[in-house]
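I am opening this notebook to record, step by step, what I looked up and what I read off. I begin with a term I need and then go from the sheet to the rest.

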Amino acid sequence: MKQRYLFLIGLVVSIVLAPSCNEAKTDKVKEQKKPADDFEYIAEQFADLQILRYQVPGFEELTPQQKELVYYLYEAALCGRDIIYDQKYKHNLAIRKTLENIVNTYTGDKSTPEYGKFMEYVKRVWFSNGIHHHYSNSKFLPEFPKAYFTELVAASAAEGFPVSPSSPEFASLTGIMFDPAIDAKIVNQAANIDNVAESANNFYEGVTQKEVEAYYAKFTEGKGTKLPEYGLNTKVVKENGQVTEKVWHVGGMYTQAIEKIVFWLEKAIPLAETPEQKDALEKLVKYYHSGDVTDWDVYNTAWVKDVKSQVDVVNGFIEVYLDAIGKKGSFESVVSFKDLKATERIQAISAQAQWFEDNSPLFPEHKKEVVKGIEAKVITVVVESGDAAPSTPIGINLPNNNWVREEKGSKSVSLGNIVHSYNEAKTKGSALDEFGCDEKVIKRIKQYGALASDLHTDMHEVIGHASGKINPGVGTPDKTLIQYASTLEEARADLVALYYILDPKLIEIGVMNTLDVGKAEYDSYIMNGLITQLTRIKLGDEIEEAHMRNRQLVAKWAYEKGKPENVIEFFQRDGKTFVRVNDYTKLRALFGELLKEIQRIKSEGDFMAGQSLVETYGVKVDQVLHKEILERYAKLNLAPYSGFIQPKLVAVYEGEKIVDVKVEYPKDFTEQMLEYSKNYSFLPVYN
Ligand code: ZN
């Protein structure tokens, strides 16, 4: 699972590293603020997007062998870039290549407002890895006339288009771009529809949700609970009337890209830092060859054992958020090395995992007797690709397969340099000043918000996803809770973090020095869940994305249940709506109560209760409030979403041998996207 950046509001500029266990905490926290540097964190802003940059501190200190290893993993990551485009939507690669041909060869005037709008559209496509919004999953449309597009095409090199401009296929591509009715949603999770057929993603073709569910039922029925993630790396199609799968592996679908990934992974193997890392990389290669999801579990079992290496990599078909029924893994890769200093904070929490489980508000029968193998660390990211870029998670907890997590353990990471960059880039306070309910709350968030955010992320990943157990005989959540599984799982992890961030235990273990950190988190979370996150969706739309649904579910449920005691209140000031937390202790108790209920739903596989929670609290939007929030937000002229230009690694060769690897920080998003498309386009436009 991954955790995204939570806050729209301005936060403290520097990431604050909490000391792990010692006195004089206040002073130490202040001292450890990193000094401001002159690195430019913000590259540009367009549409609802902001393009940021991040640094890779500590790269120079890696050994030559580590640098070379990182370089090969970096290449392997980028080689999979095309896959995510095709997975999201089968016309994405054809559209991207069409647009890029215009960018590269158009001979007309590039200084006109229409061309500006054209470039904005192209950059949005790059940002979202396709023509559907990376966060809302709804199609966005060009803001220039269709006739202008025809002009652009006519004045560009005809031979460079992936589909001939004079063909009916090209006309249909243009229709897809401009007609809002065609394939409007990449993933449609509305109730009472065929979620498979109504989603535009490229995971299924010509099959209904019923057929897909029946197809997978035969793999799982009566086979126990230690099952692989069936369907994770396949597209389901119908051939000769039979439902079947096209597997993503060497020799199968996406082989052109996967072969390149394997090529670089194989170069990385001899440079592995530890026998465990070598073993894991070999098993990843084996899985990419076989395409057998059992091999994926074998790989993950080896990967969680690799805890001593400083360099690490996530590379595979992993998160299932893009599939309405939560089976298909999107390609992603994150290459990183451990940030040794910051890891102390997260490990202080991890070391207490059993205490947190024992003292949680869960029903005793839903608690884990032994919480195992939580390997938590802060990482410094070197490159991200696929579903993890340009928009990025800030925390990752893998593997996703429940039985592997429970028996073999899991790794939880916080993406330290990414979070640092976010915090640097936040305009200091403008959105917070607009939406914060009063001066005291605003001041507290400015003072403690960054640390609160770090701790929330740490606990969400390290003790949140790792908590609780499923009752014997109950299937995995993707089977029992289906389209609500992701939202409920994220809510569960958030609630563990929220419950404990107001616990004196955190002061005791030295990760914070005042409960004001917890209060700042409650203020931020409630304000975000009830108000500010609405800036991310269009007026009239309901909430679709799992993390957003989870946040509103948690905040709204607490608001409704706390009403008799006025725990949270909405109020008006100068004609504007605000929300205020009146009683932090009672709110904490409510979070505990909801956590217990959501764990019960997961443990018992109670679909009806899960559906009712999500649909009642997580989906619907108050139109009047939404309109007001959007108007106030528009005046701030901020972009609600951010993504990153990736650092670039340059290998220095002497003959055949790499003698050094240097890191560069490109400044131009368009240049990077064109360079990636030139160097890493391995897939044909239709697979
Ligand atoms: Zn999560």
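Before I describe any sheet I note the rule for its members: two strands pair if DSSP finds at least two bridges between them. I also keep in mind that this is a predicted model.

**Entry 1, a sheet.** With that rule I looked up an open sheet of 3 strands, whose order is β2-β3-β14 and whose pairing is mixed. In it β2 (42–46) and β14 (641–645) stand at the edges with a single partner strand each, so one side of each has no neighbour in the sheet. From one strand to the next I read an average twist of 25°.

For the pair Tyr 641 and Tyr 135 I noted 506 residues of separation in sequence, while their C-alpha atoms are 8.5 Å apart in space.

Which residues coordinate the zinc ion? I read His 460 (NE2), His 465 (NE2) and Glu 490 (OE), at 2.1 Å. Along the sequence these donor residues follow the spacing H-x4-H-x24-E. His 465 lies in the loop between α17 (439–464) and α18 (477–480), whereas Glu 490 lies in helix α19 (residues 485–501), so this pair ties together parts that are 25 residues apart in sequence. I checked how covered the two are: His 465 counts as buried at 3% relative accessibility, and Glu 490 is buried with a relative accessible area of 1%.

Staying with α19, I counted 17 residues and a reach of 24 Å from the first C-alpha to the last, close to the 24 Å expected at 1.5 Å a residue. This helix is mostly covered, since 16 of its 17 residues are buried.

I looked up Ser 336 and placed it in strand β8 (residues 330–338). Ser 336 is buried, with a relative accessible area of 3%. Not counting residues up to four places away in sequence, Ser 336 touches Gln 310, Val 311, Asp 312, Ile 379, Thr 380, Val 381 and Val 382.

Finally I stepped back to the protein chain, whose secondary structure comes to 26 helices and 16 strands. For 687 residues a compact globule would have a radius of gyration near 26 Å, and the 24 Å of the protein chain agrees with this. Its C-alpha trace spans about 65 × 60 × 55 Å along the principal axes, and buried residues make up 63% of the 687 residues. Among contacts with a separation of 6 or more, 75% join residues 24 or more positions apart.

Note on methods
Residues are numbered from 1 along each chain as its sequence is written. This is a predicted model: local features need pLDDT of at least 70, side-chain atom pairs count only at pLDDT 80 or more; totals for chains, interfaces and linings use all residues. Side-chain values use heavy atoms; hydrogens and water are left out. Donors are N, O and S atoms within 2.8 Å of the metal (3.2 Å for Na, K and Ca); water is not among the atoms, so sites may look incomplete. Helices (H or I, at least four residues) and strands (E, at least two) are DSSP runs, numbered from the N terminus. Buried means under 20% relative accessible area, exposed over 50%, partly exposed in between (1.4 Å probe, protein chains only). The expected span of a helix is 1.5 Å times one less than its number of residues. Axes are lines fitted to C-alpha atoms, for helices over the stretch in contact, and angles run from 0 to 180 degrees between N-to-C directions. The radius of gyration is taken over C-alpha atoms; the globule rule is 2.2 Å times the number of residues to the power 0.38. Contact means heavy atoms within 4.5 Å.
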